[in-house]
Structures are given as structure tokens and as C-alpha cells.
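Hi,

Here is the structure I promised to pass on to you. Have a look at it first, and then read my notes below.

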Amino acid sequence: MERRDLPAFLGRRAEIAQIRRLLGRSRLVTLTGLSGVGKSRLAEEAAWSVRKAFSGGVQVVDVSREADPVALARTAAQAVGAGEGRLLLVLDGVERLAGPCAALAESLLRSAPGLRILATGRRSLGVVGEHLLPVGPLPPADAVALLANRAPGRGVADLNRKAAARLCERLGRMPSAIELAARRLRAAPEPTTEDLFDDPFHETAARGALDRALELCSPDETHVWARVAAFPGPFGLADAERVCVDVPPPAELLDALIGLIDKSLLIREESGGEVCFRVPRAGAGRPPRAHSRDRPVPCPRRTDDLDGPPVLTRREHEVAELVADGLSNREVAEKLVISKRTAEAHMEHILAKLNFSSRTQVAAWVARRREDR
Ligand SMILES: Nc1ncnc2c1ncn2[C@@H]1O[C@H](COP(=O)(O)OP(=O)(O)OP(=O)(O)O)[C@@H](O)[C@H]1O
Ligand SMILES: [Mg+2]
């Protein structure tokens, strides 16, 4: 495997460790996630880190550049055929040829006992024995570090760290969107991260990944997404059934939800032993562009109160009040005697439920409520 000369790679230590572990026990590992979340780069770094364990070498096939399944099979067979002993094949970007790649993976794994495959895709291959590793957005600190790395000295100095963090949140902490924002920061004459907030571009950059994932969806999945994308927070199967009364029939609704999870358009969560679903941040509370014209999409706010205002828990109200008084997360944590992490989690929930992206918006919302009282 050749080491390419790429800009710095940041974070993802836990994911690399997990890929190493998974490759130790499984012959097919697939990294799934939205476009631009960093699957290809992560696969490359992971492959580099395990290369010494593969005496037969590491081969990378860029499936996303290949339109012809026959040519793809030939390229992959050549790559595998050349190696003796333990060999790692990286199949990068399988989404458009998922079917042929699944068949290829199965036949290569059958014929080459020393072979392991690391695939990346906006959807899984769906092969028996495939181990999935969903790749999510960068954690907040790594997202800011990426922005600072790609736009050095451009308004991401300590003074502006908060603005940088907010900007990264707005970009869904997606590496590709952050790199684009950094490019714009570098190009502006006197750029600060604040400048980018008025820029409609970030909307587009963060939503582009969702739009690309939607292109892979079946009609049922697209219909279901158009309805559940309006949920600003977690929702259950019953909630999905309620907003999807017309399409599709209940048995297929579950299939559609599973299909959406596979394409990273929904995140599956468990809370208190119950399974629920959540729309990734870049899509939360907003119906997708392509379908908003078709018909009005219901915008349920919470499971038992479809018409009322968004409901915060008592604790979230307390946090929102303190934020409106200008307290930082740390100060909120101290005041309520909770950990900073918990305060941050409350804040995340508040932003998601109210479909806001900044503390200023929360403060304005609290101020309006105080006036109404
Ligand atoms: N952890 C990281 N550190 C530094 N750069 C990163 C990181 N993750 C991703 N990037 C950069 O972000 C950009 C998008 O990442 P990448 O191409 O891996 O996304 P992807 O998930 O494979 O997207 P697609 O589904 O469109 O192929 C690339 O320029 C990549 O180098
Ligand atoms: Mg990729």
C-alpha cells in the first residue's frame, strides 16, 4: 500500500482501534455513513495502520470511480490474485454498485482464504457475516481542530473558538463541509468564523450529504423520510406509523425505516429499553428539499402532542433559562450541580427540539416566553 501525501488526519482513534479489532475477527467489515463523513479517509488510515499484519499486502479499489460491474470484478480479482498469504482488500465507495460488490465480496472471500475486506459505502453490502461500523460526524473538539488545521490563523484562534464550534455544529460536524468552510475562510479578505454564519452555503454543504443519501433510497424509503424528517427529536415506531398513514403499509414501514438506518438517514437509539429513531442533525426538523413541494409535511413536535409547542423537560427549561441569562455550559453545570457533559447534552436536546442552531436563538425564545407570561 502506498502512503499518499494528504492533509493531516485528525481524531478517529476509537474508530481505528475498533476497525483493527473487527478485522481481527471478521472477514468483511463495512464502514457506513453519509457522504463526506470521512469513511474513505478513515478506511485509508485504518488500512495503513494494519498493513504489517497483512503479509500479502493491502490493495485499494476505488469502486466509486467504476461504473461497469464487469470491469470492477476484473480489477478486484487482479488485486486479490496478485497477493499471497494474508491480504486486505479495501473496496471504497460501494453504494452505487452495492449488488455487484456484495456478489464480488462473497466470491472473493470464498476463493481466497487469507483475504479480508474493508468496504466503505453510504449503505451496507448486505452480505451474511458483514460487520457494520457506522461512522458518525466528528466529535466537537475534533471538528474545530479540523477547521483550524485547514484554515490556519483564520479566525479560529482561541478568541473565536466558540464561533468556530458553533459553525462546526451548523455544518453537522461533517469533515467535507468543514473543509469547504475552511476554504471559504481562507479566501475571504479578512475572514472570521462569524462571517460564515450569514452564508447560505453552510446549509447547502451540510444538507448535500443527506440529498446524496436520498438518491439511494427506494420510493417507500423516500416517502417515509419525507414524513419522519419533520420530527425534531427522537421518535418511536408508533409515531412513524401516525405520520405515515398513507404510505407504505405497516409491514413495509419497518423495512423502510431499516433501509433509512442503513443509509445513515436515521439513527437508531435505545432509551430505557425502548428502540427509537432520530434524524441526523443536518436533517432534523426539516423536510427534505426534493419533497417539500409535493405536499405539506406534518411537523410533529413530540409523540403525545402533535399540535402543541415543542415541549422541553423541566430540566431543559431550567437550562434554557440559565443560557438566556448568559451562562456557559460549565456555569450551567455548576449552578445545577450536574456534570458539564450533562449540561452539554441538555443543550443539544434543547437545540434539536426547538430546531435552533445557536444559544442566541434559545435566549430570544426564552425572552419571548418571559414576555408572554
Ligand atoms: N478525520 C479526518 N481528519 C482529517 N480530514 C478528514 C477526516 N475525515 C475526513 N476528512 C476529509 O474530509 C473529506 C471527506 O472525507 P471522505 O472522502 O473520507 O468522506 P466519505 O465519507 O468517504 O464521503 P463519500 O461517501 O462521498 O465517499 C476528505 O477531504 C477527507 O480527507
Ligand atoms: Mg468515500
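Ligand 1 takes up the space of the second largest pocket. Please keep in mind that this is a predicted model.

Who are the neighbours? Ligand 1 is surrounded by 18 residues, and the closest include Leu 10, Ser 35, Gly 36, Lys 39 and Glu 179. Sorted by class, this shell contains seven nonpolar, five polar and six charged residues. Three helices each provide at least two residues of the shell: helix 2 (39-50), helix 5 (140-150) and helix 7 (175-187).

With Gly 38 it is a backbone N or O atom, 3.0 Å from an oxygen atom of ligand 1. On its own, ligand 1 would expose 620 Å², of which the protein buries 82%.

Finally, where does ligand 1 lie relative to the domains? Residues of both domain 1 (13-134) and domain 2 (140-209) belong to the shell, so ligand 1 lies between them.

Enjoy exploring, and write back with any questions!

Key. Residues numbered from 1 in each chain as written. Chains lettered and ligands numbered in written order. Predicted model: local features only at pLDDT ≥ 70, side-chain atom pairs only at ≥ 80, totals over all residues. Heavy atoms only, no water. Near = heavy atom within 4 Å. Polar contact = N/O pair within 3.5 Å; in protein donor to acceptor, adjacent residues only side chain to side chain. Areas by Shrake-Rupley, 256 points an atom, 1.4 Å probe, with all protein chains shown as cover. 1 Å grid on protein atoms, 1.4 Å probe; cavity = no way out; pocket = protein on both sides within 12 Å on 5 of 7 lines; lining within 4 Å. Sits in = over half its atoms within 2 Å of the grid points. Helix = DSSP H or I, 4+ residues; strand = E, 2+ residues; numbered from the N terminus. Nonpolar A, V, L, I, M, F, W, Y, C, P; charged D, E, K, R; others polar. Domains from an automatic or database assignment.
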